[in-house]
Amino acid sequence: MSRATITNFYPDNPVIDSVELNNQYGQVQTATALINEQNVRFEGVDTRQIATNPVLVFGKQFTNDYKLTLGSAPAAGALYLAKADPAWPYGVNVSEIPINHNSSGTKTAIIGNGTKFNMAASTGIPILVGDIIRIDLDIHAWSIQEQIAGITDSPLGTMAAAARAQLVNGIGGQTALTYGGNYGSGMGEWCSLIYPKVNITNGLGNDANYVSLGTAFNIVGAPEFGNLIGESGGANPPSDSFFNLRDDFDNAMVLPIHHMSPANNTSRVAFMPYYEGHRNTTYADFNFDMPPLREAASIIFVANANVTLYSIQLYYSGIWRLACDSSTSPDTPLLYLEGQPCDPTNNDFGVSTGVFLEECRYGLQILRRV
Amino acid sequence: MAYKWDAGYVENLDIVDGRQFDNTLNNLVGAVNGGLDRENLPSNCIQPTQIVSQNVAKCTVDRLNYEENTDAAAGSSYWTSLGFATRGNNLCGILYSSMQGGETNVEAAVTNIDCEEGMLQITWKCAQWINSHLTVYNAGGGFSSRYSLKGVYWQIKLDGNIVLNSRSYYMNWSNVKLECAVPVSKGNHEVRVEFNFANATEQDFTTIYDNTPVFHWWGGTIFTTNRFR
């Protein structure tokens, strides 16, 4: 209540002392100290009276700031491996890697480097139930990894052209070992996943404290890609490693890898990486001159938990593959973490190329009272 | 314009008339009791916590996935369930036959929002997959002999009017991120998101129309922000 209630002296016109007069002043003082909607005229306020960002609680952009100079190649620290890569150093129970190369292209776990940033010093930002959180991430993918030592990972590797062509063929799928029919792993069903994880524990930046958006903000059904570890080679992916694409997929960004069209003769395959930051002369007689690829996505959700958001870090989750469970009705689209290289000679029909990432950045906006 | 109080000065030993005093104070109280406006209030005097919820802007977030029919490719040697013997690449998505061969727009999402007069900012995001290699033409084996580049574009409609046309997407995986802001009147408005996949070719009709997924999307979010006038 902020209305001032006063008693007129007229028409009594009494002789008053300080108490009555001070009461009148006190009413005005009380009202003007608690001005609210009862004091302000209808539509009496302009936008200039409203403080800057009345609904935007927080807005800031973060970047690892890794920007290559013209003509230079990315550092080894900017390479993010596929789990199927024989060089995968993180163990079979790990499926995701923090994107943590800094402005020099060196991997580091120190907070404030790579994509691991505290949002507001080390004190964090209080998030309330009902807040709308928007994370806009964009990735500058520089190139896909070239030949992986020891295996014919790329269909452009040492494999005979005819065999490569068979690999491309989307009909069939598994018994391309003999290259004798309409087999092949096909191309185009693989992608990489990139997504943010958040630290709601403290501002120290320990990687173990970063959890998925679904866990942190109590989003039912949100994916926990890090828990779907797949299989590291040879065997089929276990059934619990599949992600049902009918579930909430809203918290991840997909990154294409390469594109392959049919080979129409024995000497050429129409293979095209979607990004190739330098002139690539590794692939036999093919020189790819593709530019790097900037891919962007937004993640927007309503917080369903009161937490303190300290920090965000982006993660790279290997190469995932489109799949299907046709034992259901209707058929269920799935994704699973690819665990095999592309090595038909050894009966492996996956892809294990890594990708080099250049600048990786994200913006955070928190909206309240909307 | 609100009342601005001019201070009066009472000299020592003055006798103040009650009515005169009342008039002065009533003018002040009249302003304080609901008459204050932009003339009285300084810039930036209203802080965020003093604003009633949804009094400056109103947002809606609608997260959804593709819920219509999806089909697996009908290749005999694809694995058909989770118990397959050798790792393969079965695909699953929307058939040409489920979207009229690309001849028409297909509704992806629709939402209604009660607006105040002002601007409505509409954001649509999703991930999508296009069967851009379509090497399945070579069902007879041997080298693949035909290739058909496929693409898709998206539209956002407000009350049936196109307010955003996306570019065409050709990569096999991509993120769709579309955003526009349009003026709206007070009342309920419908936001509709549609996609249009590349028309089936003559060859498509004869070979893949009803047996090969060519497109799929998921992870869609419609985010609207109605900023009041």
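Predicted model: local features only at pLDDT ≥ 70, side-chain atom pairs only at ≥ 80, totals over all residues.
Residues are numbered from 1 along each chain as its sequence is written, chains are lettered from A in the order in which they are written, and side-chain values use heavy atoms, without hydrogens and water.

**Exercise 1.** Find which strands pair with E16(A), and whether its faces are buried or exposed.

*Step 1.* Locate E16(A): residues 332-337 of chain A. Strands are DSSP runs of at least two residues, numbered from the N terminus.

*Step 2.* Look for pairing, which takes at least two DSSP bridges between two strands. E9(A), residues 242-244, pairs with E16(A) in the antiparallel sense over three bridges. Here A:Phe242 has A:Tyr336 as its bridge partner.

*Step 3.* E15(A), residues 311-325, is also an antiparallel partner of E16(A), over six bridges. A:Leu322 is bridged to A:Leu335. Six residues lie between E15(A) and E16(A) in this hairpin.

*Step 4.* Check burial (under 20% relative accessible area with a 1.4 Å probe, protein chains only). A:Thr332, A:Leu334 and A:Tyr336 are buried on one side, and A:Pro333, A:Leu335 and A:Leu337 on the other.

**Exercise 2.** Find which strand supplies the largest share of the lining of the largest pocket.

*Step 1.* List the strands that each give at least two lining residues: E19(A), E1(B) and E10(B).

*Step 2.* Pick the largest share: E10(B), with four residues.

Key: Buried < 20%, exposed > 50% of the residue type's maximum accessible area, 1.4 Å probe, protein only.
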